[in-house]
Every structure is written in structure tokens, then in C-alpha cells.
Amino acid sequence: MALLLRGGRVIDPAQGLDMVADVLVEGSRISAITTGSGMSRPDVEVVDVTGKIVGPGLIDAHAHLREPGLEYKEDILSASRAAVKGGYTGVMAMPDTDPPVDNAAMVQFIYTRGRQAGLARVFPVGAVTAGRKGEKLAEIGYAAQAGAVAFSDDGQPIANSEILRRALEYLRPLKRPLIDHCQDANLSGRGVMHEGLVSFELGLEGIPSAAEEVAVARDLILSAYTGARIHLAHLSAKGSVSMLAQAKEKGIPVTAEVTPHHLILTHEVLRTYDTNTKVNPPLRTEEDRQALLQALRQGLIDIIATDHAPHASHEKRVDFNQAPFGISGLETALPLVVTYLVKPGYLSWMEAIARMSTNPAQIFGLPGGNLRVGSLADLVVIDPETVKEVRPEDFASKGKNNPFIGQKLSGWPVMTIVGGRIVMRDGEVI
Amino acid sequence: MFRRKDVLGLRDWSKEEIALVLDTAAAMKDILGRDLKKVPALRGRSVATLFYEPSTRTRASFELAAKYMSADTVSLNASASSIAKGESLLDTIWTIEAMGVDVVVLRHPVPGTSLQIAEHTRMHVVNAGDGAHEHPTQALLDMYTVRERLGRVEGLTLAIVGDISHSRVARSNIWGWQKMGAKVRVVGPPTMIPVDIDKAGVQVYWDIEEGLRGADVIMGLRIQLEREARGFFPSFAEYTSFYGLTRERIRSINPGALILHPGPVNRGVEITDEVLSSANAAVNEQVTNGVAVRMALLYLLLGGGQGDGFAS
Ligand SMILES: [Zn+2]
Ligand SMILES: [Zn+2]
């Protein structure tokens with residue numbers, strides 16, 4: 001049976017396409033995009049999407065799916081459900097599981113579990129170092145052969161600069177980027193929030209911006225020196241952005257991402273000591289936030305990624321120092337971007353979709369991210385107008401840790417299609 | 001009048017609220033001067049102290065304050081190990097609440113805990129120190145002591161010397177004194193001065209001679225022993241030589257200044273015995289006034305003045 005999405009505003013950054021049109025899906029692929037087709041074949045299910053946006057399915061370049069080993073926080077099935085509820089058709093899974101994804105068998109395991117879930121496409125990221133210990137390289141080549149789309153020790157920085165250098169060199173022929181969590185662990189120390197006026201007032205230990213900036217500088221220098229591609233995860237500081245600008249100017253092969261929460265919130269929200277605002281890197285100042293917004297607009301920051309980090313509620317319901325870092329973000333990323341960035345005019349719809357779908361697909365060489373005829377039919381349909389409250393009981397993710405709970409947001413996804421199959425409709429996972 | 005459910009920190013208090021507590025404390029201090037130190041003001045009410053960090057002095061001060069006003073007290077020991085076990089603080093709070101306690105006095109090593117708890121209990125919560133965040137009753141007793149000695153707080157200059165970064169006493173005093181119209185300086189090595197503290201209207205001095213010059217009140221802070229190992233300063237000898245409150249230093253720079261210290265003191269490190277026993281020091285009065293201030297707070301929190309047998 002074919003599927004026709006009729007009358008939506010079709011946006012595809014890959015082709016520079018933005019028009020009202022019908023999208024015909026046959027089998028697992030897009031077979032036509034036409035205007036006013038009036039197509040009515042008996043074997044076609046027609047869905048009226050008038051007033052809605054039809055775009056390539058979102059791709060999250062940074063999520064923690066917690067399986068194997070930490071299934072009490074999340075597993076690949078619950079994360080896949082959260083992903084398609086959030087409009088994501090593809091998710092890159094960070095390797096900081098237990099055991100970590102640091103070999104070919106583990107990479108295959110993640111693929112298998114993703115296929116078994118049968119919802120969003122799950123793309124494993126392999127660990128850079130064996131056991132994520134930061135001491136010696138993992139079997140990166142085998143893991144790449146098994147399909148690891150990128151390499152990262154995320155959750156922690158790669159402290160040893162020589163290991164980072166060797167990893168970058170080794171990755172060059174494999175053509176996979178290295179994703180670094182940019183943070184000097186000595187400088188971040190025991191910090192739990194941004195170091196500044198608010199951390200002073202709250203009496204909490206701070207993480208200075210310099211902890212990120214020092215690591216960004218090192219990463220850019222090593223990327224330039226080795227010629228290898230590096231992707232800077234979840235940037236948070238103004239200084240990182242200006243170094244990124246210089247590096248791109250010089251032609252250093254670097255890309256970068258930012259999360260919705262770093263674009264929307266500042267350290268001011270920590271005044272409630274709500275552990276759901278505890279993230280790493282920390283929420284910083286308004287000045288930093290403005291710099292991130294501007295960099296995103298200019299395309300200097302290529303990607304909006306969730307850094308989806310689900311935790312069990314008992315883990316977050318403790319004092320601020322004990323609480324783990326992270327936000328369960330897959331289900332709120334799109335409405336946050338629409339509400340806070342698209343509606344106020346910081347980003348056009350085209351730009352938002354580029355940064356949440358087309359760019360991650362291109363940077364990591366993933367299927368999807370475009371609406372070309374013949375491409376995989378990975379699609380999202382977004383209702384720009386419906387306003388809905390963020391409620392933890394609506395989350396498909398096991399992690400209910402989210403600082404936007406109680407807020408009313410617009411721009412929710414109403415349909416997610418993976419490989420031609422409707423996997424989410426009106427918020428229900430099918 | 002006093003309308004707060006909880007006493008969590010002075011940052012969001014008004015000048016009027018602080019003044020009310022100080023005025024009420026003056027009446028309470030009269031009781032402390034009597035032979036029979038007991039009034040029925042809080043008869044039938046109960047106060048629990050829940051300390052996750054040892055502090056005999058602060059705890060005793062709160063418990064005596066409650067007892068002098070005829071409240072029942074219960075003291076709960078919470079060890080660091082129960083924190084390590086991840087035992088929920090909220091569960092403990094709800095247990096205490098279920099026992100019918102009216103006020104819980106909480107000391108906890110992590111900033112913000114009293115705030116987090118106050119939202120989840122009907123009991124009045126008094127913050128007796130939460131990490132490096134606030135220690136409001138200490139700042140109130142400091143201001144009370146100064147008002148008693150110098151007649152006012154308004155218009156004075158306070159110099160706080162030492163590890164400002166890790167001090168809840170410093171924070172509560174900064175907020176309180178500024179509200180009361182005083183100037184606050186912080187003095188210490190840059191490693192112990194919080195980043196951006198100047199944005200809170202505080203003047204920063206790295207040089208103790210400059211920092212003490214012209215200060216009406218000098219407050220020494222306790223230097224935690226592990227700070228040396230964490231690299232905040234090279235050695236105790238060097239710290240004392242650059243930032244110690246010595247007799248010579250006080251005499252040559254600011255002979256008339258009133259000296260405060262929240263205790264307990266590392267004698268000879270941040271302050272010398274000679275200074276502590278000099279006429280400038282008000283350290284023992286601080287202890288007495290601590291009881292009076294805590295009596296005032298418990299009295300105000302529990303709706304004091306409404307036909308409860310204590311007439312002020
Ligand atoms: Zn990270
Ligand atoms: Zn991450």
C-alpha cells in the first residue's frame with residue numbers, strides 16, 4: 001500500500017525545497033513530490049496534512065540510550081519510542097553503556113536491538129578508547145567495519161592529548177568523525193554548574209567556561225595538525241564559538257552541535273536547585289546563550305542535538321551535588337526549537353530542519369535527511385500550531401528528567417514515518 | 001510582620017524582616033539574663049534538629065532556644081553514611097513531619113537542600129547551614145552583636161577575611177549587611193574569592209592592609225584544613241603571614257575595629273589568641289546572642305505574639 005501526504009508545506013533543505021505539495025511514498029521510498037496531483041488511486045492511503053509541515057525525519061546526532069547495562073534508566077526500545085514520538089527517524093547512540101560499545105560485537109548488538117525495536121534507525125557510535133578508560137585505542141577499525149558511524153568517549157573528555165592525536169590520525173582513512181566532549185576535567189573539577197555570579201549566590205561549585213574552551217582549543221589544534229574530522233559536542237560557551245569561527249575560516253575540518261537547553265536556558269534557572277537543570281556542560285550566561293544562538297543562525301554550529309540523557313527519578317530526587325547530569329530530551333527538542341527559535345524568528349523552518357536532520361545526515365553519512373525522489377521515506381509531519389503542555393506522564397522515555405515540564409509548547413510532531421511505515425501518529429507510537 | 005513559612009537564606013529578605021528579628025532578639029536576650037530562663041511562649045510546639053554535619057555549637061544553640069521557650073525538642077542524628085547510601089532526605093523529612101513536629105532545623109553539607117525540602121513539607125524549615133550556600137541565623141546574630149556594640153549596622157563597613165568561596169557565613173552576611181545599608185568587602189587570596197562576586201556589589205581586596213583600612217567590623221572565617229591540599233593556598237604559614245588577623249595588623253591598621261568570628265577557630269591560623277581575647281573581639285557575645293536570635297526566629301515562625309503567654 002502506498003501513502004500520500006496531501007497538501008502539506010514540504011520543506012527539504014537538501015534540495016532547497018519549500019512549497020505546498022503532495023508527497024507520495026511507495027514501499028520504503030519517496031516516489032514523487034507533486035503539486036495539486038489530486039491523486040486518487042485505490043491502493044493509496046491518503047493523509048490530509050494541510051497546514052502542517054512535512055520534512056525529512058529528524059536525526060539526533062547525540063543520544064544516550066543506556067542499553068546495555070543501564071536499562072533501569074532507558075533501553076533501546078523505550079528510547080526508540082521516545083525518538084519517534086519526538087519526530088526523530090534516526091538516533092546516534094553514544095557508547096557510554098555498561099559494558100561500553102568499544103568493539104565490533106557491541107556495535108552489532110546495538111544495530112540488532114535497534115532493528116528489533118523497529119522504530120527509529122539506531123546508529124551506534126563507537127568508543128575511542130578501550131573501555132572508555134582513555135588509555136589505549138579501542139579496536140576502532142573493526143568497529144567502523146561493523147558500522148559505527150562515529151567515535152566518542154562522550155560522558156567524559158579524552159584527557160590525554162596524545163591519545164586524541166592518535167585517534168584522529170587513525171580515523172582519517174576510516175572517514176569517521178571523532179565526537180569530543182570538550183572539557184578539561186581538572187578545570188571542571190567537582191563543579192556542578194556554571195561558575196559565575198549565580199554559582200556564588202547558590203554556593204555551588206562552579207565549572208568555568210575555560211574548562212570547555214581549553215579543550216576546544218586543543219581539539220581544533222589537533223584537528224588542524226592531523227587533518228582529521230572532529231565534531232565538537234554540545235558547545236556551551238561564547239569563547240568556544242569564536243574559536244570555532246576562526247577554525248572554520250581556516251578550513252579546519254570541524255563541525256559542532258548545540259542542545260536545545262543550552263539555546264534556551266541560562267544558569268539563572270538553577271536558582272530553584274531543580275536537579276533537572278543540572279547538565280554537563282552546564283547552562284551558562286545570557287551572553288553565552290546569545291553567542292550560541294547567533295552561531296547556530298550563521299550555520300557556524302551545524303547541528304542541534306539533544307544529548308538525551310535519561311535518568312531514573314530516584315536518581316534525580318536527591319540533593320544537587322549527588323544528582324547525575326542530564327536531561328531526557330528526545331521528546332521535547334522539536335517543540336522547543338519551534339517555540340523558542342522558529343516562532344520568534346531566530347531560525348526559519350528550513351534552517352531548523354537543516355540543523356536537526358539534513359546536516360547530521362551529511363556530517364555522519366547517514367541515510368535520510370532529505371526528501372529526494374528515490375530516497376528512503378523517513379519523514380516527519382509537524383503541526384506548527386497545536387499547543388501542548390510538557391507532561392512527564394506523556395514521555396515514552398523512561399527518563400522523566402526534563403526542566404521544561406509544565407511548559408506549554410507548540411510545534412509538536414504529529415506523524416513519524418520510517419522507511420515508508422507510519423510509526424507514530426498523533427503522539428501514539430504504532 | 002513576619003509572614004515567612006521558612007528561614008532559608010537572607011538573600012531574599014527585606015530590611016524590615018531583618019530588623020524585626022533583631023528587635024525581637026533584644027527582648028529574648030532579656031530572658032537569657034534572668035535566673036529562671038524559661039517562658040511558656042512555645043509550650044506544646046515541637047522543634048526537631050536534623051544535622052547531616054556535626055556542629056555541637058549551632059545545634060545546642062537552637063535546642064536551648066527552643067527549650068527556653070518551653071518547646072519540646074528532638075535531635076536526630078543523620079550521619080554522612082546515610083547520604084552515601086542514597087537514603088532519601090525527603091523520606092526522613094516526611095517521617096519527622098508525621099511525628100507532628102512543627103519546625104525542623106536542618107544542617108546539610110550540600111547547598112540548596114533546605115530549599116528543596118521546604119517545598120515538600122508543611123513544617124517550618126530553618127536552614128542551619130547548607131554547604132556553601134547560606135547560614136542565615138549566623139548572619140543575624142552577627143548583625144545583632146554589631147548593633148548591640150556599635151548601635152547600628154547601617155552605614156558601617158564590614159570586611160570579611162578568608163575563604164569566601166566556601167563560606168555560607170560570608171554569603172548570608174553579604175546579603176544581610178547590604179540589605180541593612182552597610183558596605184561589604186571581601187579580603188583574601190584570589191583562589192578563595194568567588195568569580196563574579198563584584199557583580200553582587202561586594203568590593204574585593206587581595207591585600208589585607210588595604211582591605212582592613214577603614215573597616216568598622218572585621219570578620220575572620222575559619223580556614224578548612226583540606227583547602228591547602230586542594231591548592232587554594234601553598235601553606236598555612238604563608239596564609240597566616242599574608243591574611244592572618246594578628247594583633248599587630250589590627251593595631252597598626254584599624255585599632256578600633258570590632259572583631260567577629262563564627263567559630264570554631266583555628267587558633268593561630270586565621271586569627272590569633274591575642275586578637276580573640278582583646279577588647280575588640282565580640283566572639284563570646286556572638287555565642288550568647290546566637291541563642292537570643294534563634295529564640296526570636298522560632299517565636300516569630302510559630303506565630304509569636306498571638307496570645308501565647310509571652311508578652312514583649
Ligand atoms: Zn558529553
Ligand atoms: Zn552526551
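**Labels and their cut-offs**

Modeller: Just after H2(A), Gly118(A) has a positive phi of about 65 degrees. This is a predicted model, in which local features need pLDDT of at least 70 and side-chain atom pairs count only at pLDDT 80 or more, while totals for chains, interfaces and linings use all residues. Residues are numbered from 1 along each chain as its sequence is written, chains are lettered from A and ligands numbered from 1 in the order in which they are written, and side-chain values use heavy atoms, with hydrogens and water left out.

Biologist: What makes residues 104–117 of chain A helix H2?

Modeller: Helices are DSSP runs (H or I) of at least four residues, strands are runs (E) of at least two, and both are numbered from the N terminus. H2 of chain A has 14 residues. The expected span is 1.5 Å times one less than the number of residues. From first C-alpha to last, H2 of chain A reaches 20 Å, close to the 20 Å expected.

Biologist: Which residue caps the N-terminal end of H2(A)?

Modeller: Asn103(A) does, with a side-chain oxygen 3.0 Å from the backbone nitrogen of Ala105(A). A polar contact is a pair of N or O atoms within 3.5 Å; within protein, one must be able to donate a hydrogen and the other to accept it, and residues adjacent in sequence count only if both atoms are side-chain atoms.

Biologist: Which residues of H2(A) are buried, and what do they pack against?

Modeller: The buried ones are Ala104(A), Met106(A), Val107(A), Ile110(A), Tyr111(A), Gly114(A) and Ala117(A). They pack against helix H1 (76–85), strand E7 (88–93), strand E8 (121–126) and helix H3 (140–145) of chain A.

Biologist: Why is Ser223(A) called buried?

Modeller: Buried means under 20% relative accessible area, exposed means over 50%, and partly exposed lies in between (1.4 Å probe, protein chains only). Ser223(A) has a relative accessible area of 0%, so it is buried. This residue belongs to helix H7 (residues 209–226) of chain A. Setting aside neighbours within four places in sequence, Ser223(A) is in contact with Leu168(A), Ala228(A), Ile230(A), Ile252(A) and Pro253(A), where contact means heavy atoms within 4.5 Å.

Biologist: How do you know which residues coordinate the zinc ion (ligand 2)?

Modeller: Donors are N, O and S atoms within 2.8 Å of the metal (3.2 Å for Na, K and Ca); water is not among the atoms, so sites may look incomplete. His62(A) (NE2), His64(A) (NE2), Asp154(A) (OD) and Asp307(A) (OD) coordinate this ion at 2.1 to 2.2 Å.

Biologist: Why is the arrangement around the zinc ion (ligand 2) called irregular?

Modeller: Four donors count as tetrahedral if all angles lie between 85 and 135 degrees; four count as square planar and six as octahedral if opposite donors are over 155 degrees apart and all others between 65 and 115; anything else is irregular. The angles subtended by the four donor atoms run from 85 to 170 degrees, and that makes the arrangement irregular. Along the chain, the donors follow the spacing H-x1-H-x89-D-x152-D. His62(A) lies in strand E6 (residues 58–63) of chain A and Asp307(A) in the loop between strand E15 (303–304) and helix H11 (313–316) of chain A, so the pair ties together parts 245 residues apart in sequence. His62(A) counts as buried at 0% relative accessibility, and Asp307(A) counts as buried at 9%.

Biologist: What are the protein donors of the zinc ion (ligand 1)?

Modeller: They are Asp154(A) (OD), His181(A) (ND1) and His234(A) (NE2), at 2.0 to 2.1 Å. Asp154(A) coordinates both zinc ions, which are 3.3 Å apart. His181(A) and His234(A) are buried.

Biologist: What makes Arg9(A) and Asp18(A) a salt bridge?

Modeller: The term requires a side-chain nitrogen of Lys or Arg within 4 Å of a carboxyl oxygen of Asp or Glu. The side chains of Arg9(A) and Asp18(A) meet at 2.9 Å, N to O, and form a salt bridge. Arg9(A) counts as partly exposed at 32% relative accessibility, and Asp18(A) is partly exposed at 36%.
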